[in-house]
There are 2 protein chains.
Amino acid sequence: MLSQKTRYAIRAMQDLADRYGQGPVQLAEIAERQNIPPKFLTVILSELTRFGLVDSQRGRDGGYWLAIAPVDISYGDLIRIMRGSLALVPCASRFAHEKCKNCVAEGDCRTRALMLEVRDRTAELLDAVKLSDPIALVPADHETSE
Amino acid sequence: MLSQKTRYAIRAMQDLADRYGQGPVQLAEIAERQNIPPKFLTVILSELTRFGLVDSQRGRDGGYWLAIAPVDISYGDLIRIMRGSLALVPCASRFAHEKCKNCVAEGDCRTRALMLEVRDRTAELLDAVKLSDPIALVPADHETSE
DNA sequence: TTATTCTCTATCAAATAAGTTGAGAATATG
DNA sequence: CATATTCTCAACTTATTTGATAGAGAATAA
């Protein structure tokens, strides 16, 4: 599961993407629109700023804006930045690879082999969708097949 | 990420699948082969037994065995059983659907729309692979493209 | 020079995860 | 029947992570 913090970060970035090129957006605005605890959002936006995804300015009429065009930021990037990896197990992470604790040898681990595939498929999808892309909303009562 | 417990459960089930039809397998054996703390494994196997995936017998020469043929147990099933869902956010879960805390309306949530797709793709893959399937192991130093 | 807005480190509480303890119940064997 | 063996189960402990807040500080514009 994505942490609450990661979900907040994604929504905050969407909010900024929607206002790209329109000058600084204030934290309080984002917090209200996106229903995020303002104090917590300071932590998140500072993190994103330190990471170079967002620029900021203090003082009156200050705020935040994307440092990178929305078309160059994928959902995969966001999740990797916020939670370190797209993978379901540490040993299947591409960029944050780490041995799983108490596992069998990596080369013998079927779970790992399978999770590498899952990671690849997930990355394929999430790296292809950018913050600038329109996303078809799904009604709340939607039920998929099966 | 999958919890350690879920990973243990998967490996334990693989161990049992490999010995399907060969009589009871003892907990201590599984624990040793799969490098799982034995006491913790009792919790996991009891859970799987209660869930109906595994049968057990006590006493001398007792042990555990799959209650269902390996060909009828998918990795998707296992993960759903152990962690409740395949989804990355509660609101994108098919069987354990739940509103995300502090989110926007579900019908307006782009994250949800995207995560529904991720869930579907993940399910497609993980439901298609069964415990009986051979899985091509991947060498430990493997690096994928990109 | 003051109000505004972001920055950053520390801290806290609650939830979750990982693992252990220990008493108990079923089973096979002699 | 007695005993060793093996699973069962609830309670508990500890460590880690998560979600969130507090509060002092620094930049900026008016």
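Visitor: Quick one before we start. What does buried mean here?
Guide: Under 20% relative accessible area. Over 50% is exposed, and anything in between is partly exposed. Keep in mind that the model is predicted.

Visitor: Which side chain does B:Asp15 meet in a salt bridge?
Guide: B:Arg19. The N to O distance is 3.3 Å.

Visitor: And how accessible is B:Arg19?
Guide: It sits at 22%, so it counts as partly exposed.

Visitor: Over in chain A, which residues are joined into one salt-bridge network?
Guide: A:Asp15, A:Arg19, A:Glu29 and A:Arg33. They are linked through salt bridges that share partners.

Visitor: Start with A:Asp15. Where is it found?
Guide: In helix α1 of chain A. A:Asp15 is buried, at 0% relative accessibility.

Visitor: What is A:Asp15 in contact with, beyond its close sequence neighbours?
Guide: Setting aside residues within four places in sequence, A:Asp15 contacts A:Val25, A:Ile30, A:Arg33 and A:Gln34.

Visitor: How far apart are the closest N and O atoms of A:Arg33 and A:Asp15?
Guide: 2.8 Å, in a salt bridge. The side chains of the two also make a polar contact of 2.8 Å.

Visitor: What does that pair tie together?
Guide: Parts that are 18 residues apart in sequence, because A:Arg33 lies in helix α2 (residues 27-34) and A:Asp15 in helix α1 (residues 4-18), both of chain A. A:Arg33 is partly exposed, with 34% relative accessibility.

Visitor: Where do A:Asp77 and A:Arg80 lie?
Guide: Both are in helix α4 (residues 75-83) of chain A. They are three residues apart, about one turn of the helix.

Visitor: A:Arg80: buried or exposed?
Guide: Buried, at 15% relative accessibility.

Visitor: How many salt bridges over all chains?
Guide: 22. Four of the salt bridges are between chain B and chain A.

Visitor: Switching to the fold. What pattern does chain A follow along the sequence?
Guide: α-α-α-β-β-α-α. That is five helices and two strands.

Visitor: What box do the C-alpha atoms of chain A fill?
Guide: Roughly 60 × 35 × 25 Å, along the principal axes. Chain A has 146 residues, and 49% of them are buried.

Visitor: What share of chain A contacts join residues at least 24 apart?
Guide: 58%, counting contacts between residues at least 6 apart in sequence.

Visitor: Which side chains meet in a salt bridge at 4.0 Å?
Guide: A:Glu124 and B:Arg121, N to O.

Visitor: How many residue pairs are in polar contact across the interface?
Guide: 18, with both residues at pLDDT 80 or more.

Visitor: Last topic, the largest nonpolar core. Which members touch the most others?
Guide: A:Met115, B:Met13, B:Leu41, B:Leu45, B:Leu48 and B:Leu126, out of 47 residues.

Visitor: And which elements give two or more residues to it?
Guide: From chain A, α5 (110-128). From chain B, α1, α2, α3, β2, α4 and α5. α1(B) gives the most, with seven residues.

Visitor: What is B:Leu126 in contact with?
Guide: From chain A, A:Leu114, A:Met115 and A:Val118. From chain B, the contacts include B:Tyr75, B:Ile79 and B:Leu86. Neighbours within four places in sequence are left aside.

Visitor: How many residues are in the other core?
Guide: 45, among them A:Tyr8, A:Leu41, A:Ile73 and A:Leu125. It lies apart from the largest one.

How values were computed: Residues are numbered from 1 along each chain as its sequence is written. Chains are lettered from A and ligands numbered from 1 in the order in which they are written. This is a predicted model: local features need pLDDT of at least 70, side-chain atom pairs count only at pLDDT 80 or more; totals for chains, interfaces and linings use all residues. Side-chain values use heavy atoms; hydrogens and water are left out. A nonpolar core is a set of buried Ala, Val, Leu, Ile, Met, Phe, Trp, Tyr and Cys residues joined through side-chain atoms within 4.5 Å. Buried means under 20% relative accessible area, exposed over 50%, partly exposed in between (1.4 Å probe, protein chains only). Helices (H or I, at least four residues) and strands (E, at least two) are DSSP runs, numbered from the N terminus. Contact means heavy atoms within 4.5 Å. A polar contact is a pair of N or O atoms within 3.5 Å; within protein, one must be able to donate a hydrogen and the other to accept it, and residues adjacent in sequence count only if both atoms are side-chain atoms.
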